[in-house]
Amino acid sequence: MQLLGIGSRIDHNEYGKGVVTNVTAKHYWVTFMENGLETIDLDSDFEIIEAVEDEVDTISFSEVEQSLISILRRWSDASSLIPIADKWKGGNLILEPKDSNLSTKEIPMATFFHKIVMVRDRIRVMEQKINSTKNLDDQEKVDLQQYITRIYGSLTTFNVLFKSQSDHFVGERSK
């Protein structure tokens with residue numbers, strides 16, 4: 001059996017894709033994109049995506065954390081882990097049409113919240129790409145940035161869903 005080092009990427013049959021963040025005599029500590037930190041047996045059933053063969057104690061936790069962030073950004077379309085406000089956990093969003101002959105649509109609040117977070121993350125990526133492109137002059141970048149600010153402003157209604165105020169959408173601030 002090959003012993004994986006910290007930073008190795010795996011695809012676990014139950015937890016999905018993740019990165020080894022610690023190794024003990026019996027377990028791997030793996031941070032999974034969908035399931036967070038889990039401890040799995042060294043002989044668990046998983047596929048090795050990328051093996052890192054390194055001394056376990058030669059890498060600091062900070063280096064592992066930075067590697068993990070880099071790997072997740074590079075290989076994932078996953079959103080950052082943003083907590084939903086406690087009052088919405090387990091709730092449902094119900095869309096009821098005016099016409100009573102039509103059926104209602106019920107969406108788990110967690111699913112809806114995840115979509116909002118994905119929209120926010122993709123707007124942020126678009127913003128970064130606009131700011132780093134060489135094909136636009138400064139005025140064009142400013143103009144596009146103003147549209148993005150207005151988009152954020154249009155999404156402030158959804159701030160009620162976020163647990164932390166630091167995760168809120170922020171539009172144009174009044175002067």
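Reader: In which helix does Met126 lie?
Author: Met126 is part of helix H2; helices here are DSSP runs of H or I with at least four residues, strands are runs of E with at least two, and both are numbered from the N terminus. The model is predicted, so local features need pLDDT of at least 70 and side-chain atom pairs pLDDT 80 or more, while totals for chains, interfaces and linings use all residues. Residues are numbered from 1 along each chain as its sequence is written, and side-chain values use heavy atoms, with hydrogens and water left out.

Reader: Why is Met126 called partly exposed?
Author: Its relative accessible area is 38%. Buried means under 20% and exposed means over 50%, with a 1.4 Å probe and protein chains only, and partly exposed is what lies in between. Met126, at 38%, therefore counts as partly exposed.

Reader: What separates Met126 from Ile148?
Author: Along the chain they are 22 residues apart, and their C-alpha atoms are separated by 8.8 Å.

Reader: What makes H2 and H3 roughly antiparallel to each other?
Author: Helix H2 (residues 109-132) and helix H3 (residues 138-154) pack at an angle of about 170 degrees, and their axes are 10 Å apart. Axes are lines fitted to C-alpha atoms, for helices over the stretch in contact, and angles between N-to-C directions run from 0 to 180 degrees. Under 35 degrees counts as roughly parallel, over 145 as roughly antiparallel, 65 to 115 as roughly perpendicular and the rest as oblique. H2 and H3 are therefore roughly antiparallel.

Reader: Which residues make the contact of H2 with H3?
Author: Among them are Ile123, Met126 and Ile130 of H2, and Leu144, Ile148 and Tyr152 of H3; contact means heavy atoms within 4.5 Å. By class, this contact has 7 nonpolar, 2 polar and 4 charged residues.

Reader: How many aromatic pairs does the structure hold?
Author: There are 6 aromatic pairs.

Reader: Why is the pair of Tyr15 and Phe32 called tilted?
Author: The ring centres are 5.1 Å apart and the planes stand at 35 degrees. Rings of Phe, Tyr and Trp (its six-membered ring) pair if their centres lie within 6.5 Å; planes under 30 degrees apart are stacked, over 60 edge-to-face, and the rest tilted. The angle of 35 degrees therefore makes this pair tilted. Tyr15 lies in the loop between strand S1 (9-12) and S2, and Phe32 in strand S3, so the pair ties together parts 17 residues apart in sequence.

Reader: How do you know whether Tyr15 is buried or exposed?
Author: At 18% relative accessibility, Tyr15 counts as buried. Phe32 has a relative accessible area of 2% and is buried too.

Reader: What makes the pair of Phe162 and Phe169 edge-to-face?
Author: Their planes stand at 80 degrees, with the centres 5.8 Å apart, so the pair is edge-to-face.

Reader: What is Asn159 in contact with, leaving aside its neighbours within four places in sequence?
Author: Asn159 is in contact with His168 and Phe169. Asn159 is found in the segment after H3 and is buried, with a relative accessible area of 11%.

Reader: Why are S4 and S5 called edge strands?
Author: The open sheet has 5 strands in the order S4-S3-S2-S1-S5, with antiparallel pairing. Strand S4 (36-41) and strand S5 (46-50) each pair on one side only; two strands pair if DSSP finds at least two bridges between them. S3 and S4 pair over 6 bridges.

Technical notes
Ala, Val, Leu, Ile, Met, Phe, Trp, Tyr, Cys and Pro count as nonpolar, Asp, Glu, Lys and Arg as charged, and the others, Gly among them, as polar.
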